[in-house]
Structures are given as C-alpha cells and as structure tokens.
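This report goes through a structure part by part, for someone who has not seen it before. Please keep the sequence and the 3D view at hand while reading.

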Amino acid sequence: MSESTTKQQAAVQTTGHAWDGDLQEFNNPLPRWWLWSFYVTAVIAVIYWFIYPSWPVGRGWLEGFATITYQVDGKAEESRWNTRAKLLHDLTESHAAQRQREFMGKVAEADFSTISNDPDMLAFIRSVGKGLFGDNCAACHGRGGQGVVGLYPNLADDDWLWGGSLENIQNVITNGRQGFMPAFKETFDPQQLDDVAEYVLSLSGEAPDSIAVERGKALFQGFGGGCYYCHGMDGKGLPSQGAANLTDKIWTIADVDGQKTLEEKKAVVKKLIFNGVQNMRKMPTWKGRLSPTEIKVLAVYVHQLGGGQ
Amino acid sequence: MRHENIEVNSGLMILLILTVISIGGLVEVVPLFYLNDTIEKVDGVRPYTPLELRGRDIYVREGCYLCHSQQIRPFRDEWLRYGHYSLAAESQYDHPFQWGSKRTGPDLARVGKKYSNEWHVQHLVAPRSVVPQSIMPNYPWLLERDLDFSDITERLKALRKTGVPYSLTEEEYKANVAAYGKEMADWLDINQAQDSLFAQARNDYDGLPNRITEMEALVAYLQVLGTMVDFSQYDEGYFVEFR
C-alpha cells in the first residue's frame, strides 16, 4: 500500500478486526437518511400485518382489519380484504368495470341500426370486440379474421357462407354452424368427377370452355349431380344452406389459388367433391359461453372487419 | 458466540447461513400444509384418468411448462382473458403442479373444451398453420409416435403413494364410486388402468381411429384442463371465504 492512500484512508474508521497481522477492514457506515428509511420500511411492514392478511396463527391466520366491498349478483357485500375480494371489487366496482358495464348496457338495449350510427358505441365495440375476438375467435379465424384456407373461413372478405348481415352473423355466433356437403365418391365415375370439377373451375374463369365443361354443367344442373340443390343453377350458392358461391374466385376449402396448373387446381376440387365436407366445418355454439351482449359486440366487430353486408 | 468464531469456522458458517435463508421459505410454505382453508372445498376435482395422465407426462416431457403457465391469478385482466382464477383445489392431484411463472405462450389452466380436438391436433403439428404470428415449435412427432402405456399401472401406483385417490383395493374403489360415480371410478381404478385407457381413447382425440398416439393422450389432457369445477354452482363470495 502506497503512503498517500494510507494517509487518505487513515481518517476512515476500521472495524477493529485484523487478519494476518495487519489486514484490516474499513467501516463505512450507510448514510444516516438511508438507514432511517430502512427502519421506517420495517415499521410499515408491521403496520401492514394489522391491515392485511399476514401471519399464520394455529390453523388460521391474522386476517387484518381492512375490509372491501363487492357485488355478487347485484347484491353489495362486504368482506375482509384479500386478493379474491379485491378482484371481485375490481370486476364490479372499479371505474373501468363500471364504465364498461355502462357501455355494455347501451349496446344491449340498442338495435343494430342505432349501433351502426353511433360513433361512440362503435369505438367501444372495436376496442372490446378486439379483446373478445382475440380470446374466443382468433385461434381459428386468425387475429385479423383472415381464416385458414382449407380449415376456417375468412371473416374479413365479403364472401359469406351463411350470410353477411349483422343478424346473420349474430345468429351464427349464437347457435354455431355445421358445414356439410355430401361425398360424391359413389355418385360420379372418374370421368364425371373430372367434368364437374372442370365446370366448377370454369365458373370463376379458371378453366376455359370445352366439351368437358359442358358435360360438367349438365351434371351440375341436372339430376345426375344435383349440385344445384345447394349451390344454385348459377353456382352462386345459398346462404340458408351454407353453400358456397362458386363463381367469385374465393376458395375456402379447396386451395385453388395455391395451385399453379389447371390439372393441380382440378385435383384439389376433385378431392373436395369426392370426399365432401364432413366433420370439418364445425363452428361452435357460443350461447352459454358468451353473454348475448358479448355476442352482439362480436357480430358488429366481425361485420366491420371488412366484408359486412 | 463471537463474530470471529463464525467467520473462521466455515462448517458452522454454512449451517448458520442455511438456517437463516430457510426461514423465509419455511414461514411461507409450511403453514399451507396445515391451514384449514388452503384447499377450497369444491365438487368435481378428480385425479386424471390414465390417458390424461400420460398426456400430462408428455406435456412435462416436451417442456410445455417452460412457456405455458397453468395458474390464472386473481386479477381483472386475467379474469377477462382466461376466465375464473385457478383454485388450489384444482391442482391438488398434480404431482408436480404445473403452475409456472413464465408466460411466453398463453396460460393453459382453462384451455379445456375451448378449442376442438381437430384444432389442437392441427395446432400442435404446425402452430403457424392456424396462428400465423405464433412462435411455438412444431410437434409433428406426437402424431407419429404410438403412446407407450406399458407402465401405466406403476405410474398410477406411484401417484397413489403421494395421496392421489387412484383405487387399488375394493374399499378405495367403493369410495371413488361414491365420490365420482361408477364410470369415473372404473377409469380411476389401477386394476383396470389399461382398459380405461383404451376406453377413453375411443373418443379419438387425435383423429386417427385405429391408433393411440402420443397426440391422443396430450389432447385428452389439454381438453380436461380447468373444466372439472362447475363454477356456476358457486356464489363468487364462497371462494373469498377461503383467503
């Protein structure tokens, strides 16, 4: 140790310990204000023991003197303070919860045309609806409602299997839907299957006119295939049956857009006609899981994603 | 005891350090084992069936708990997102529990019945095919590998030793019939473990009717999470009483 540092440090007290003859330990006490702040926090801790639940005593515990109010089924209750009571308080009496309830009440009473013309209510629905949609719908339909081709329909375009009005959407969310198309594996022979697929693709301009298309059209519109029962003579679909519009170039199950050649496109359409749509399009029922008002919020939210009619 | 005596005697110092640092843990943990109200008294919580239990083993094996917690805390934001907060009673037969504190993915405590089996299979094989922004790894082997249930009896017996009410004796079986009904008591009977696993696998969770894959077990487990207690039976004030 150099002489100058020894001089500097001589002013500092040592703890009085000495090892190996001359190895000493300086004593640098904490600043007084810091030390007192520390003592004060210890005192506050003791005060907390009396306010909030704290030490175990026997088979119970010190419950604390603090109380808190909350509502259960509209009835006000008061109980000792604990995190669960605090949660119920936050859910029923906090400012955010009360404001939300107030708006939910307005939405519950309003009809769709009133909601659509009220910017405040629409702003509320976009905000709450985003959360509800994220928690309940986004897992299948995607965070932006874009869907998954082959599995879950796109909610952001203007193509609706079951109708795109607010009432239709509300009905679908409330009651769920089971998409169904029969399998045509027994009905069509390979040639016929090929023809019908070619005709279906021609409806949206994917396949050029040909004799095969004409043969397919006869099957589609005749008793041989009977496709027109659900898809209509013009192939524009039937919302009451959940039958897809085949003329609008929007493909939700057969991934036609993902294929390059006509043969590949035909293959995915043929596969769908061959197997039908069974046990794969199952929109769950949300009544019982969500309140009618929440479903209403979601209907408006989905409607304004882009394609509401 | 003088300061210096402790500082020069490392064995003694280690002992004293361990004593001091264990106080905090002991004070927080030990009372939970004897307090009357630690575990809420609710109906419906039962041990996992053999198939669900194997699913749980796979959940642990794949390290799902590293990203997914199974504990909904009593806060308004969690209530709104996930549903009712978790009860201690709901994980009373979990050994070890899967509460966790790391949420890279969402909490799974109430994921049961929320999505369809088909969705789970699709999502586990290729998460980004249904959730484009997901960062979860793919688990395609779950659908390829057959479930190993050769040691299911031993697994149930081991859990029975820790106090999980799987039945081995006639008496225990009768108690389970009284508590959970005959059908569930059969599924929780160690002597019928394989049969009950086969029976439940007929629900075809993995979409492969002729096989029992690891996916089958995992989806069966995911679909039961958080569904055992029927919260509509209880007044919310009831759960407040336990804390």
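## Domains of chain A

In chain A, the centres of domain 1 and domain 2, taken over C-alpha atoms, are separated by 29 Å. This is a predicted model. Domain 1 of chain A consists of residues 106–178 together with 282–305, while domain 2 covers 190–275. Between them, ten residues of domain 1 are in contact with 14 residues of domain 2.

## Two buried positions in chain A

A:T293 belongs to helix α13 of chain A, which runs over residues 292–303. The relative accessible area of A:T293 is 17%. Since buried means under 20%, A:T293 is counted as buried. Setting aside neighbours within four places in sequence, the contacts of A:T293 are A:M104, A:V107 and A:A108.

A:G225 sits in a loop of chain A, between α10 (211–221) and α11 (228–231). With a relative accessibility of 12%, A:G225 is also buried. Residues in contact with A:G225, leaving out those within four places in sequence, are A:F184, A:F188 and A:L219. A:G225 and A:L193 are 32 residues apart along the chain, and their C-alpha atoms are 9.6 Å from each other.

## A:L87 and its contacts with chain B

Which residues does A:L87 touch, not counting residues up to four places away in sequence? They are B:P74, B:F75, B:R76, B:W79 and B:Y85. A:L87 itself is part of helix α3 of chain A, residues 83–93. A:L87 has a relative accessible area of 1% and is therefore buried, the limit being under 20%.

Within chain A, A:L87 and A:Y70 are separated by 17 residues in sequence. Their C-alpha to C-alpha distance is 8.7 Å.

## Chain B as a whole

Chain B contains 14 helices and zero strands. The C-alpha trace of chain B spans about 75 × 50 × 40 Å along its principal axes. Domain 1 of chain B takes in residues 2–34, and domain 2 takes in 50–233. The C-alpha centres of these two domains of chain B are 39 Å apart.

Of the 243 residues in chain B, 44% are buried. Among contacts in chain B with a separation of 6 or more, 71% are between residues 24 or more positions apart. Chain B carries 25 positive and 35 negative side chains. The centres of the positive and negative sets lie 3 Å apart.

## A loop residue in chain B

Is B:Q70 buried or exposed? Its relative accessibility is 8%, so B:Q70 counts as buried. B:Q70 is located in the loop of chain B that lies between α4 (50–61) and α5 (76–82).

The side chain of B:Q70 makes a polar contact of 3.1 Å with the side chain of B:Y221. B:Y221 is also one of the residues in contact with B:Q70 when neighbours within four places in sequence are left aside.

Definitions and conventions. Residues numbered from 1 in each chain as written. Chains lettered and ligands numbered in written order. Predicted model: local features only at pLDDT ≥ 70, side-chain atom pairs only at ≥ 80, totals over all residues. Heavy atoms only, no water. Helix = DSSP H or I, 4+ residues; strand = E, 2+ residues; numbered from the N terminus. Buried < 20%, exposed > 50% of the residue type's maximum accessible area, 1.4 Å probe, protein only. Contact = heavy atoms within 4.5 Å. Lys, Arg positive; Asp, Glu negative; His and termini not counted. Charge placed at Lys NZ, Arg CZ, Asp CG, Glu CD. Polar contact = N/O pair within 3.5 Å; in protein donor to acceptor, adjacent residues only side chain to side chain. Domains from an automatic or database assignment.
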